[in-house]
Amino acid sequence: MNLPMLWIIPALPLAAVALNMLFGDRLGKKGTAFLACGAVGLAFAFAVRAVLTLAGRSEEERQIVETAWTWFRVGDFSVDVSFLLDPLSAIMVLVVTGVGFLIHVYSTGYMAEDPSFRRFFLYLNLFMFAMLTLVLADNYLLMFVGWEGVGLCSYLLIGFWYEKQSATDAGKKAFIVNRIGDFGFLLGVMFLIAWTGSVNFERVFASAPHLFTAGGSIITIATLLMFLGATGKSAQIPLYVWLPDAMEGPTPVSALIHAATMVTAGVYMVVRSHVLFEMAPVTLEVIAIVGAATALMAATIGLVQNDIKRVLAYSTVSQLGYMFFACGVGAFGAGIFHVMTHAFFKALLFLGAGSVIYGMHHEQDMRKMGGLATKMPVTHATMLIATIAIAGIPPFAGFWSKDEILAKAFATGHYGIFAAGLLGAVMTAFYMFRLYVLTFQGKARFDESGGHAHAHAHAADAHGAHAHDAHGHAAAHDDHGHDHGHGGPVKESPWNMTVPLSVLAVLSVIGGWVGIGKPFIEGESWMGRWLEPVLGSGPHVHHLAVSTEFGLMGLSVAIAAFGIFMAFRAYLQQPSIATAMHERFGGVHRALYNKYWVDEFYDAIAVNPIYQASMRLWRFWDEKVVDGTVNGVGYFLEGVSALLRLFQTGYVGTYALFIALGVLALFLHFLRS
Amino acid sequence: MIPTEWVLALSAVLFTIGVVGVLVRRNALVIFMSIELMLNAANLAFVAFARQQQSLDGQIFVFFVMTVAAAEVAVGLAIIVNLFRLRETVFVDEINLLKG
Amino acid sequence: MNIVPQPTFLALDWWALGPVIALTVGAILLLLLEFLPQRANGNRGGIVSLLTFLFSGYAVWRVAGEKRELFGGMFVHDPMTVFFTMLFCSVGLLATLMSWDYVKRTKINQAEYYALLLSSVLGMIVMAASNDLITVFLGLELMSLALYVMVGFRRSRLESNEAALKYFLLGAFASGFLLYGIALLYGATGTTNLAMIGAFLADTPLSTNPMLLMGSLLVFVGFGFKVAAAPFHMWTPDVYEGAPTSVTGFMSAGAKAAGFAALLRVALRALGPVMADWTQMLAVIAFLTMTVGNVTALLQGNLKRMLAYSSIAHAGYILVAVAAGGPEGASAAVFYLATYSFMNIGAFAVLTMLGKGREERVLMSDLQGLGFREPLLGLALTAFMLSLAGIPPMAGFMGKLYIFGEAVKHPQLLWVVIAGVLNSVVSVYYYLRVTVALYMKEPEGEPVGISWGAPAVVAIVLTLAATLYFGLQAQGLWIQAQNSVMGLL
Amino acid sequence: MVPYLFLGFAAMLLATALMVILHKHPVTSALFLVLSFSSLAGIYLLLQAEFVGMVQIIVYAGAIMVLFLFVIMYLNLPHDVEKGAQIAVRRGIGWMVGALMLLFAGLLAKKGWVAGPAATAPADLSGGNAAAIGRVLYSRFLFPFEITSILLLVAMVGAIVMAKGRPASPEGEGE
Amino acid sequence: MAQLPWLSLLVFFPLAAAILVAIMPANAHKPIRWWATIAALAEFVFSLPLWWRVIPGQAGFQFEEKLDWIPVLGAQYHLGVDGVSGLLALLTTFTTLIAIIGAWTSVEKRSREFFALVLALEAGMLGTFFCLDLLLFYVFWEAMLIPMYLLIGVWGGQRRVYAAVKFFLYTMAGSVLMLVAILSLWFLQKQYSGIPTFDLQAFYQLPLAPSRQLWMFLAFAFAFAIKVPMFPLHTWLPDAHVEAPTAGSVILAAVLLKMGTYGFLRFAMPLFPNALEVCAPYIAWLAIIGIVYGALVAMVQPDMKKLVAYSSVSHMGFVVLGLMAMNSQGFAGSMMTMLNHGVSTGALFLLVGVIYERRHTRKIADFGGLWTVIPVYSVIFLVVMLSSVGLPGTNGFIGEFLVLLGAFKHSVWWAVVAATGVILSACYMLWMFQRVVFGPVTHEENRKLTDLSFRERLVFAPLLVLIFWMGVAPQPFLDRMQPALDRVLQMTNDRAQMMAQADATATAPLASRLPAAPAAVSVPAEQGGAR
């Protein structure tokens with residue numbers, strides 16, 4: 001078999017979905033788990049094989065296109081279901097299948113006791129299918145299939161514990177906010193179709209330079225609309241609000257979808273369309289600013305959150321901001337590089353957090369943790385690696401990518417953005433180590449005998465009076481999917497959770513090395529060279545002096561170190577500093593703690609007005625005015641009818657009178673004519 | 001020689017008197033009499049035209065009208081008698097069981 | 001002028017006069033037969049009138065293709081006569097069938113009833129067949145007199161008597177106008193013969209002659225009364241409600257058709273040359289008629305009354321055709337009259353079966369739940385209502401199609417066409433109320449008893465068949481209607 | 001002479017006709033109607049319609065009005081009581097309609113009076129009016145004449161049906 | 001096979017079946033529904049060849065049957081099928097079958113009449129799609145109202161009478177004006193060619209002065225707009241849908257609404273192209289308003305059926321918008337959306353019907369947590385909902401995307417505003433789904449709900465298959481509809497050009513009488529005269 005069989009990569013998880021749906025109840029948990037993980041693992045294997053095939057080709061031919069069938073063809077417009085593997089999608093597909101596989105494995109442990117185990121893997125496989133479709137698509141519309149597909153799976157997985165109001169709310173919010181983005185994406189694609197007549201990447205990119213004036217309004221509007229789509233999917237201002245709420249889902253979901261893969265789809269799309277974006281400098285500027293602003297804002301919010309997953313969520317938003325401003329400054333390769341490294345360490349962070357939560361019996365509040373380093377050594381070690389990675393300490397993965405982004409921003413003269421990036425970096429380091437310190441260091445702030453920190457207060461009322469078994473109750477509320485005995489001492493997670501942690505930890509360390517470039521080696525980094533067939537080497541020609549490069553590196557390391565130091569200082573050595581700061585900047589803290597009241601703001605300016613307006617539209621306009629007019633005609637006629645009946649008095653005299661009047665009227669008619 | 005116009009005017013006035021009678025009276029019998037006046041007005045017109053045109057058709061018509069009138073009277077009076085038997089009234093403004 | 005023409009009657013003439021003779025003989029025979037004893041609840045009257053109608057229809061059908069002018073134009077045998085004679089005979093036949101058991105249960109089963117029925121049909125035929133205003137008038141009076149009595153036939157019933165009185169007084173009043181109008185026409189043209197009036201008007205264009213105008217106007221008032229055109233329609237609901245149901249059915253179809261037949265003949269033969277001036281006025285009257293009829297019908301709770309208003313509305317539709325004028329318009333009117341007669345009689349035939357004994361259960365509420373209790377009756381009534389509403393595939397739709405199809409040819413009538421179709425939407429509301437009562441309401445109070453009778457069922461089946469057939473395949477009737485006015489003598 | 005006679009008859013006709021509709025007692029009205037019919041008969045005579053004039057007296061004034069009087073007296077009708085606002089309104093409207101009708105007719109007539117054809121078909125008046133009428137009646141007007149006979153038959157039957165016997169008891173609504 | 005009057009059989013077989021069902025004994029529920037199902041199934045199977053026997057590449061009408069009906073009028077019994085009507089007919093037979101099976105247990109009362117009426121309705125609908133004679137079309141169009149009216153009025157909910165009468169009157173009000181226009185057309189045709197005819201193809205050849213087209217187009221459009229229904233003529237729909245029995249709602253949504261858009265496509269647009277050009281922007285904006293408006297109002301509905309009904313308003317707005325875009329994408333999108341809407345909304349109504357049958361309430365607030373109790377149902381609900389939302393991969397997306405694309409090509413703003421409907425549809429559907437299916441079980445009654453029976457699964461299975469089939473591989477459908485759509489498009493454009501020229505001749509004498517520019521207008525007048 002010479003064919004790389006790209007289609008089989010997404011098809012495998014889909015097949016698993018189908019099998020799981022049909023026979024899942026006979027397979028049992030083990031079978032389900034095996035099926036799900038096996039499918040993804042196999043997909044990974046196929047992906048590796050395909051990528052190796054790709055790598056085996058010369059640079060000019062590093063592109064594999066496989067057309068499965070014509071999706072639809074109307075008039076002169078046609079869309080194929082076809083897949084494209086090039087260096088860019090290769091990275092994505094490896095990350096997705098690889099990290100996805102690890103998270104699948106992890107989930108077999110994490111979700112082991114959940115009664116909806118099968119459903120979970122069903123969704124997860126479905127997600128894999130959608131995500132792979134997204135990254136492997138060779139046209140915008142098929143990409144959109146994956147795009148919306150991952151949105152759907154995100155919706156389903158966030159609302160996985162569907163009996164919980166907040167979970168389903170969050171799922172719905174995620175879907176709808178994404179839809180707003182999709183609206184933009186779709187319109188953007190339509191611009192492309194209208195001008196280029198195609199959605200195929202190759203054809204669009206090939207013809208775009210001839211059809212659009214660079215910097216012209218059409219391409220700007222089109223790319224801005226596409227970027228709107230990206231902000232939805234990748235949680236950027238103004239559509240980032242769904243991501244923190246999405247933490248209602250099971251933690252592996254957060255790791256896979258809301259950290260490693262799906263949320264980076266926006267970045268992927270922008271990078272994929274870099275030809276178009278490069279033609280629209282205004283859009284790029286907007287992207288850069290939005291990215292930087294998001295990076296900063298999310299970081300500030302992350303500083304004060306207490307929920308371990310929420311901190312990570314804001315950190316994700318912030319890191320996505322980095323990726324976007326990378327794209328915005330033209331450093332598409334750096335963006336993708338960060339996507340990759342981020343996938344490793346953020347997945348690890350989430351999984352680690354999941355492990356902590358698992359170990360803590362569903363406690364997510366960091367104020368009730370502490371001192372877990374000894375109790376959960378593997379978790380602790382891996383988490384620490386990830387934290388360092390994200391904080392940007394070399395030679396961990398995060399450093400390389402983040403540094404490249406900052407360097408590119410500096411190099412292209414976006415000093416404001418560069419500064420924002422630096423500020424974000426210090427805050428990242430700070431809040432990540434705050435998380436680390438609060439969780440693993442210091443004294444344990446929970447009842448070590450194993451009592452539940454918050455004693456399932458709401459579990460009781462959620463279940464009311466009816467009897468429930470230990471497992472049945474698990475599905476009833478939040479992240480308590482695996483109720484392996486109430487209480488019990490805090491202990492390390494099982495192997496199927498720790499192994500993926502370890503693998504990811506390794507990747508978090510070495511994952512960045514592929515991107516080691518300029519100051520250390522001659523020419524482009526391996527990563528840069530790999531991506532060159534896609535991104536070309538054109539625009540990023542700003543070569544910084546080696547000294548400047550090193551200077552920037554040093555700066556960023558120093559800044560990260562400062563953040564780390566401050567975190568240790570404020571939360572470990574002298575907790576009073578933290579409290580003092582809270583008191584000192586009460587207003588700021590409140591604003592941060594409440595996420596700048598953005599949700600409330602959106603509620604006030606969009607959600608509620610629309611709801612109220614709809615209500616009025618229905619109750620008043622539809623029922624009273626539109627339907628009222630219709631019924632009014634009826635009432636009017638009935639009124640006339642009643643009136644006419646009055647003339648029908650039953651008296652002969654009246655009738656005769658009308659006859660006479662009729663005669664008169666006829667006379668009059670002829671008199672007038 | 002009486003001008004036809006005169007006769008015609010007379011018949012028109014007579015006809016109108018009949019119409020007015022129908023409109024203003026409430027006694028079914030009197031209303032009926034007024035209708036007879038109208039018929040007679042028509043007859044008058046017929047006769048006048050017949051004379052003007054030197055033709056007998058008009059007079060023949062009058063003859064038929066009289067027959068019809070007689071027949072109508074027979075039936076009409078029978079109906080009125082029946083009405084009176086049932087209701088003890090001949091006033092048409094007391095008869096409005098059917099209305100609306 | 002040969003004042004004593006020797007009447008030379010061909011066999012054809014005898015056949016052509018067959019209906020007139022047969023109906024006269026039938027009526028007299030019925031009265032004579034009273035001297036012979038008959039069983040209580042005998043059906044002698046019904047049988048005799050049935051045979052009479054059958055024979056009449058046969059007689060005229062036998063010579064359907066011929067054209068003859070008899071009695072110097074007093075009676076013409078032409079396609080229109082044939083058409084209307086057949087129609088009136090069918091109406092009479094159906095009326096006989098639906099009266100059959102109805103008159104028995106309401107205790108008015110007398111020979112006179114059928115005698116009057118026959119005479120009234122005779123009057124109608126004379127109206128339709130006469131080419132002279134004298135015979136038109138006499139036919140109208142003959143029909144009317146018989147109807148006055150028939151309306152009041154349940155003479156111990158207050159409503160019946162009241163209806164008769166109103167019909168009579170107003171009918172006589174309108175006759176006065178008609179007569180005066182005829183007098184003026186006679187004065188203006190010197191003749192009462194329609195063809196000669198037409199010829200006179202064609203030779204000497206006198207359309208502005210006030211005498212002619214007033215004459216034709218008053219004649220129109222007389223016919224307008226008979227066909228219940230607004231504002232001469234007001235007797236209709238009261239009379240229809242008060243009259244025995246079978247009589248209502250009969251007169252709603254027959255008298256209206258006869259009125260229109262005469263009107264059309266007068267309009268086509270005599271006033272043809274001046275009809276153009278009438279278009280706008282007729283359109284206004286048509287509009288008023290249908291609107292008043294339909295709108296007032298909306299809230300009626302009594303089916304007979306509702307159908308009375310509906311009959312007014314239908315007169316309005318037909319007047320649209322009359323306004324459209326010419327042979328085409330007339331043929332549309334003729335077509336409509338035929339379909340209308342069948343569906344309306346059908347509806348009344350159903351109504352005659354409602355109630356036991358002497359009771360009359362024709363309120364809307366009496367129908368509640370009937371549709372499922374008596375599916376066939378409900379189905380028939382529904383079909384008639386839908387047909388009256390002009391919904392395909394019923395005959396009523398074809399009638400409306402024809403009328404409006406003719407009317408749209410005249411741009412100045414477009415407004416009345418649109419008003420007409422909108423009116424038919426309004427009418428749908430009250431026709432649907434019947435189906436609502438039939439199928440969608442739970443029965444309240446004592447359920448209405450059904451007086452089944454084979455003849456009435458036959459009548460319903462026949463009318464239903466006609467309603468459906470002419471709805472699905474109108475070609476034959478259409479051609480007949482066209483022929484009837486094309487070959488006018 | 002003839003015109004004066006005509007005017008006299010006309011005046012009497014109108015006066016009596018008015019009295020018919022004005023007088024409150026039906027019997028009086030009926031008697032006035034007889035008078036007006038009689039004056040009409042006079043006018044007929046003046047208009048050379050002798051046969052019709054005679055028939056007018058015999059049939060109308062004689063037969064029909066007797067029937068009227070018979071019924072009025074049979075029913076023993078008193079004075080009509082015509083009081084109240086309704087009657088007044090009706091009266092007002094009635095007269096107004098009558099007046100307007102005359103007015104309109106007059107106006108219409110003024111617009112372009114054409115007298116109509118004179119002597120389109122001069123009749124054969126040999127043997128006098130009655131004979132002439134008889135001739136025509138049994139020839140050209142044979143058919144209507146026959147219809148009239150049926151009409152009278154119907155009237156007879158109808159009158160008998162309507163008035164024979166006494167109804168047992170009035171049926172009310174819905175019975 | 002060429003001589004077999006296949007389309008007639010298709011039309012009249014259900015009618016015959018209806019009559020047969022109607023004369024069965026009233027209380028024999030089981031045989032009645034079995035026979036009704038068998039009849040519907042037979043009809044469906046019998047109609048299946050429409051899929052492959054209608055030659056996809058051929059644009060014109062196929063399987064034409066032409067018989068004289070009323071020769072004096074030139075009305076003919078003329079049936080024919082092309083890609084558009086063929087697909088809609090398939091949708092009809094399919095939906096009827098589904099509706100009948102779905103109504104097995106929900107109609108206990110007077111089931112005989114019920115099934116007979118559904119079958120009769122099927123005959124009417126098929127007739128409407130197949131006929132190529134305007135008079136015949138009108139007959140079917142109106143006749144179809146009767147069974148639907150009875151279905152709503154007899155087997156409906158609380159306000160059934162109101163809803164049924166409203167449905168009837170509303171539709172009638174629109175269609176009578178269309179009748180007037182049809183008659184005018186007929187008359188013009190008679191004047192033009194001297195031959196009276198109602199034949200659609202003859203009308204396609206009939207030149208009409210643009211000035212004359214306007215009112216006729218409006219009359220047609222009014223009739224169709226009511227049926228679609230387009231804002232602001234939509235208010236009969238929520239009432240009718242809410243009150244109708246499930247089968248009625250399904251057929252109403254799946255097929256009857258399509259009559260309106262089909263009418264646009266087949267009649268109003270090709271016959272009056274110049275008037276269309278004038279009116280298209282207004283109609284399109286009304287459609288767009290309908291999209292947004294329907295979605296907004298749907299969002300706040302407390303009643304599930306009403307919500308779906310308003311969502312229909314929204315979806316049908318897409319259909320009309322696609323038509324008004326007047327390009328092949330818009331047309332194809334419209335047609336796809338018609339089919340999709342038939343499948344998805346039909347399924348939604350069935351789903352509502354399923355729980356209504358069990359709980360006798362449709363209030364969203366009365367449910368919640370259904371996933372726990374009836375998971376199979378919930379999953380199907382999820383899929384159907386997503387299809388309705390237009391998720392790529394399901395059928396809904398193809399239609400909406402093509403419509404938006406078509407609209408975009410015509411006017412960017414159309415697409416922009418209409419695309420907000422995509423967002424809003426997610427809002428109302430997801431919210432409804434959340435409140436019904438997610439959350440804890442809040443009503444004890446819901447705990448006893450039983451999941452879908454085998455019969456019900458049988459009903460939904462083909463719907464789900466269609467949802468995915470049409471979403472993943474819609475090309476077979478597009479292949480079938482496109483030649484016919486292209487023909488309509490072509491014809492509309494050609495006629496518009498032809499008649500615009502013709503109008504120059506018609507107006508030229510009038511214009512030349514004006515003092516302003518006498519020379520300029522006389523030239524085309526002469527050209528036109530020569531032509």
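Two residues are in contact if their C-beta atoms, placed from the backbone, lie within 7 Å. With that in hand, here is a friendly tour of a predicted model, in which local features need pLDDT of at least 70 and side-chain atom pairs count only at pLDDT 80 or more, while totals for chains, interfaces and linings use all residues. Residues are numbered from 1 along each chain as its sequence is written, and chains are lettered from A and ligands numbered from 1 in the order in which they are written.

**Which chains touch**

- Chains D and E do not touch, and their nearest C-alpha atoms are 28 Å apart.
- Chains B and E do not touch either, with 24 Å between their nearest C-alpha atoms.
- Eight pairs of chains do touch, and the pair with the most contacts is B and D.

**Where chain B meets chain C**

- Chain B brings 34 residues to this contact, and chain C brings 31 residues.
- On the side of chain B, the elements that give two or more residues are helix H1 (4-24), helix H2 (28-53) and helix H3 (57-87); helices here are DSSP runs of H or I with at least four residues, strands are runs of E with at least two, and both are numbered from the N terminus.
- H3(B) gives the most to that side, with 15 residues.
- That side of chain B has 26 nonpolar, five polar and three charged residues. Ala, Val, Leu, Ile, Met, Phe, Trp, Tyr, Cys and Pro count as nonpolar, Asp, Glu, Lys and Arg as charged, and the others, Gly among them, as polar.

**A helix pair inside chain C**

- Helix H10 (residues 245-270) and helix H12 (residues 303-324) of chain C pack at an angle of about 15°, with their axes 12 Å apart. Axes are lines fitted to C-alpha atoms, for helices over the stretch in contact, and angles run from 0 to 180 degrees between N-to-C directions.
- H10(C) and H12(C) are therefore roughly parallel (angles under 35 degrees).
- Residues making the contact include C:Phe260, C:Leu263 and C:Leu264 of H10(C), and C:Leu307, C:Ile318 and C:Val322 of H12(C).
- By class, the residues of this contact are eight nonpolar, four polar and two charged.

**Chain D by itself**

- Chain D has six helices and zero strands, in the order α-α-α-α-α-α along the sequence.
- Of its 175 residues, 36% are buried (20 or more other C-beta atoms within 10 Å of a residue's own, with C-beta atoms placed from the backbone).
- Among contacts in chain D with a separation of 6 or more, 56% link residues 24 or more positions apart.

Terms used: Buried ≥ 20, exposed ≤ 12 C-beta atoms within 10 Å, placed from the backbone. Parallel < 35°, antiparallel > 145°, perpendicular 65-115°, else oblique.
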